[in-house]
Amino acid sequence: PQEADALFAAVKGLVAQGLAVVFISHKMQEVMAVSDRVTVLRDGRVVGRLLTREATEASLAQLMVGRASFGVTRQGAAPVSPAPQRAVLTLDEVWATGAKGQDALSGLSLQVCAGEILAVAGVSGNRQSELAHVLQGLRRPTRGHVTLGGESLLGLRPDQIVQRGVGHIPEDRLAAVVGEMTVAENLVLEHLSEFERRGQLDWAAMANHATALIHQYQIKARPSDRARTLSGGNVQKVILARSLHRSPALVVAVDPTRGLDIGATDYVRARLLAERTRGAAVLLISGDLEEILALADRIVVMYEGRIVGAVAAQEANAEQLGLMMSGSGGATPQNQKNQKNQKNQKNQMENR
């Protein structure tokens, strides 16, 4: 948030110098903070033009998605679950290297319990991708343990991890589908063997499967449509349907609403809350503090591959989390203790 404020101040400075600025965003708080006039697009058409001083977030939402109410939150959209007890995912002192061989994850430990959303907050580039890759089976830790329901995930292939009950919503939705394949084909990619009959694909079964999920997840597409023709929101719904319809024990969602309009954002958040209510453990990895504060039961902050702080969601605020995300927020004795322990662990590793 602090960096965003500095950016907006710089933009306003450019305007004061006489430059014209076109600011394109789906985040209405930013639009209200930085703009003078607003043009609203929906489905590629201009549906409204108004002065910012005459606009409200509700009026913009009405133009953008056809309804004035928006903003799914844990408190408003799902009953608060009983205090979670059973750890579904456990990471214990996990170390992993990055693409260039440097330390990416440094002694990272966390637990996600059934019936809760644990958010990992962090500015993009602080090794969240490497954490997600470890949980997908795309990167093998050099040290530590990763268990799901008490059973190790180390050494398993991505398809084996899916079979164990892990649903993934990757950070790059376009890389998670094959654009030239149909919606029906993309919906079965993680369980293709289940649609084989005598060595051949059962196209009728795939089409029926797709029709059911398109209806259930409100995907605006036909089974035969190519994935590349879908909007970003509908691509994300395809990924949600593929990952969630088998009721995974653990859901790993990485920036699941990045780039989506408020309608699609609300839909994705409601689905994550429904998984939580169902009893799944949800690990939300995100740099969007508004999203984290709306959905999470607990929050940990990741900085340079380490957990540098932890806070209950009801005690958190954006300013505190923003400072911690930038590496400046040793805000509590526990955070300082965590940072000291992690620094000692790194020093011990370097000495070895």
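Which side chains meet in a salt bridge at 2.8 Å, N to O? They are those of Arg 269 and Glu 290. A salt bridge here is a side-chain nitrogen of Lys or Arg within 4 Å of a carboxyl oxygen of Asp or Glu. The model is predicted: local features need pLDDT of at least 70, side-chain atom pairs count only at pLDDT 80 or more, and totals for chains, interfaces and linings use all residues. Residues are numbered from 1 along each chain as its sequence is written, and side-chain values use heavy atoms, with hydrogens and water left out.

The Arg 269–Glu 290 pair links distant parts of the chain. Arg 269 sits in helix H10 (residues 262-278) and Glu 290 in helix H11 (residues 289-295), 21 residues apart. Helices (H or I, at least four residues) and strands (E, at least two) are DSSP runs, numbered from the N terminus. Arg 269 has a relative accessible area of 4%, so this residue is buried. Glu 290, at 40%, counts as partly exposed. The cut-offs are under 20% relative accessible area for buried, over 50% for exposed, and partly exposed in between (1.4 Å probe, protein chains only). Arg 269, Glu 290 and Glu 291 are linked in a network of salt bridges.

The count of salt bridges comes to 14. Another of them joins Asp 297 and Arg 276, whose closest N and O atoms are 2.9 Å apart. Asp 297 lies in the loop between H11 and strand S13 (298-303). Arg 276 belongs to helix H10, and the two partners are 21 residues apart. Both are buried. Glu 180 and Arg 228 also form a salt bridge, with closest N and O atoms 2.7 Å apart. Here the separation is 48 residues. Glu 180 is in the loop between strand S8 (166-169) and helix H7 (183-186), while Arg 228 is in the loop between helix H8 (203-216) and H9. Arg 228 is exposed, at 53% relative accessibility.

The largest nonpolar core has 47 residues. Such a core is a set of buried Ala, Val, Leu, Ile, Met, Phe, Trp, Tyr and Cys residues joined through side-chain atoms within 4.5 Å. Tyr 217, Ile 219, Leu 272, Ile 299 and Leu 321 have the most contacts inside it. Helix H9 (residues 232-244) gives the largest share of this core, 6 residues. Another core, of 31 residues, lies apart from it and includes Leu 110, Leu 131, Val 254 and Met 302. Beyond neighbours within four places in sequence, Leu 272 is in contact (heavy atoms within 4.5 Å) with residues including Ile 117, Ile 169, Val 251 and Leu 295.

An open sheet is formed by 4 strands in the order S4-S3-S6-S7, with antiparallel pairing. Two strands pair if DSSP finds at least two bridges between them. Strand S4 (103-113) and strand S7 (151-152) stand at the edges, each with a single partner strand, so one side of each lacks a neighbour in the sheet. Strand S3 (residues 87-97) and strand S6 (residues 143-148) pair over 5 bridges. Trp 95 stands opposite Arg 143 in S6.

Most residues other than glycine have a negative phi. Arg 198 has a positive phi of about 55 degrees. This residue is in the loop between strand S9 (196-197) and strand S10 (200-201), and is exposed at 88% relative accessibility. Ser 247 likewise has a positive phi of about 55 degrees. Ser 247 lies in the loop between H9 and strand S11 (250-254).
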